Amino acid sequence: MTMATIDRVWPSSAGDVIDDDLVTRPDGPWLRVNFVASVDGGATADGLSGALSGDADKRVFELLRRTTDAVLVGAGTVRSEGYGAMRVSDASVAWRLARGLSEHPVFVIVSGSLDLDPASEIFTKAPVLPVVVTTGKSSEASRARFDGLARVIVAGEEHVDVAAMLVALRELGLDSILNEGGPSLFGSLLSAGAVDELRLTVSPVLVAGDATRISGGPLQHPVDATLAEILVSGDVMMLRYLF
Ligand SMILES: NC(=O)c1ccc[n+]([C@@H]2O[C@H](COP(=O)([O-])OP(=O)(O)OC[C@H]3O[C@@H](n4cnc5c(N)ncnc54)[C@H](OP(=O)(O)O)[C@@H]3O)[C@@H](O)[C@H]2O)c1
């Protein structure tokens with residue numbers, strides 16, 4: 001992968017920002033969300049986010065993983081984007097080990113239905129035991145399919161209660177959590193007031209059509225965001241918002 005140059009234009013300006021200044025590891029409990037969207041607000045092109053991504057986005061994507069205790073993803077994204085085992089790059093492993101972190105972050109998947117394949121490399125090739133978060137409605141038998149492959153956490157009866165989920169994850173020592181999507185899970189996290197930071201890459205393309213937006217589901221009130229940083233790499237803009 002080409003190492004994209006990323007410049008900071010606000011609040012201070014700096015050219016070719018180094019990795020450790022692009023993404024820092026937060027102290028204590030922190031929930032970050034990372035998305036890429038088209039200029040016209042689409043979160044997908046042809047049903048996937050890949051076509052919206054580029055070298056600059058991929059660089060920040062890896063740095064966000066590097067600095068987190070856990071990567072949290074909704075089952076819809078896992079099913080559509082075809083995730084494998086959660087592994088960071090060799091450089092990220094070295095960065096993590098130097099700071100006393102596990103080699104790789106814990107992969108946390110949210111699924112009420114447990115419609116996930118235990119034979120997937122997500123589980124069979126996982127370098128760290130993944131976590132599956134589900135509801136009390138799921139059967140004992142469906143949970144038992146993950147015996148030895150994942151730690152299964154029940155959070156909520158009818159729907160996954162994301163606030164209860166975060167309490168359970170923090171009890172496991174997972175303070176810094178990175179949510180890589182998707183829109184339904186982000187909507188639930190916003191509803192629960194659980195999001196601390198959003199990293200949004202604006203990809204220089206328009207997709208029109210019926211592409212989903214980055215957040216979905218009902219929200220009682222609009223949530224205000226405070227702009228904290230603007231990064232630029234060529235035509236790509238990368239925004240950081242705090243809540
Ligand atoms: N642009 C980007 O950066 C980006 C990032 C990620 C995803 N995407 C795109 O988003 C699309 C997938 O969207 P999505 O909304 O289906 O994905 P999602 O939020 O990843 O997954 C939704 C699923 O998560 C599970 N879930 C359980 N409890 C939930 C809760 N309280 N709130 C929300 N979800 C809960 C459910 O799984 P069960 O059905 O198993 O019960 C639900 O069907 C894909 O096209 C993907 O490419 C884009």
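Leaving aside its neighbours within four places in sequence, with which residues is Leu 72 in contact? Leu 72 is in contact with Val 108, Val 110, Ile 177, Leu 178 and Asn 179, two residues being in contact if their C-beta atoms, placed from the backbone, lie within 7 Å. The model is a predicted one, in which local features need pLDDT of at least 70 and side-chain atom pairs count only at pLDDT 80 or more, while totals for chains, interfaces and linings use all residues. Residues are numbered from 1 along each chain as its sequence is written.

Ten strands form an open sheet with mixed pairing, in the order E1-E9-E10-E8-E2-E7-E3-E4-E5-E6; strands (E, at least two residues) and helices (H or I, at least four) are DSSP runs numbered from the N terminus, and two strands pair if DSSP finds at least two bridges between them. At the edges are strand E1 (7-10) and strand E6 (151-154), each of which pairs on one side only. Strand E3 (residues 70-74) runs parallel to strand E7 (residues 176-179) and is joined to it by three bridges, with Val 71 standing opposite Leu 178.

Elsewhere in the sheet the pairing is antiparallel: six bridges join strand E8 (residues 197-203) to strand E10 (residues 236-242), and Leu 198 stands opposite Tyr 241 there. Strand E9 (residues 226-233) is likewise antiparallel to E10, through seven bridges, with Leu 231 opposite Met 238. E9 and E10 form a hairpin with two residues between them, and Gly 234 in its turn has a positive phi of about 60 degrees.

Leu 72 also belongs to the largest nonpolar core, which has 52 residues and in which Ala 70, Val 71, Leu 72, Val 108, Ile 109, Val 133 and Leu 189 have the most contacts. Such a core is a set of buried Ala, Val, Leu, Ile, Met, Phe, Trp, Tyr and Cys residues joined through C-beta atoms within 7 Å. In soluble globular proteins, nonpolar side chains tend to be buried together.

Val 110 lies in strand E4 and is buried because 26 other C-beta atoms lie within 10 Å, where 20 or more count as buried, 12 or fewer as exposed, and numbers in between as partly exposed, with C-beta atoms placed from the backbone. Not counting residues up to four places away in sequence, Val 110 touches Leu 72, Gly 74, Ala 75, Val 133, Val 160 and Leu 185. Thr 67, found in the loop between helix H2 (55-66) and E3, is buried as well, because 24 other C-beta atoms lie within 10 Å. Beyond four places in sequence, Thr 67 is in contact with Val 23, Thr 24, Arg 25 and Ser 176.

In helix H8, Leu 185, Phe 186, Ser 188, Leu 189 and Leu 190 are buried, and the buried residues of this helix pack against E2, E3, strand E4 (106-110), helix H7 (162-171) and E7. Just after H8, Gly 193 takes a positive phi of about 65 degrees.

The ligand has 33 residues around it, of which Gly 74, Gly 76, Gly 181, Gly 182 and Ser 184 come nearest; a residue is near if its C-beta atom, placed from the backbone, lies within 6 Å. Two or more residues of this shell come from each of strand E2 (30-38), E3, helix H3 (75-81) and helix H8 (183-191), and H3 gives the largest share, five residues.
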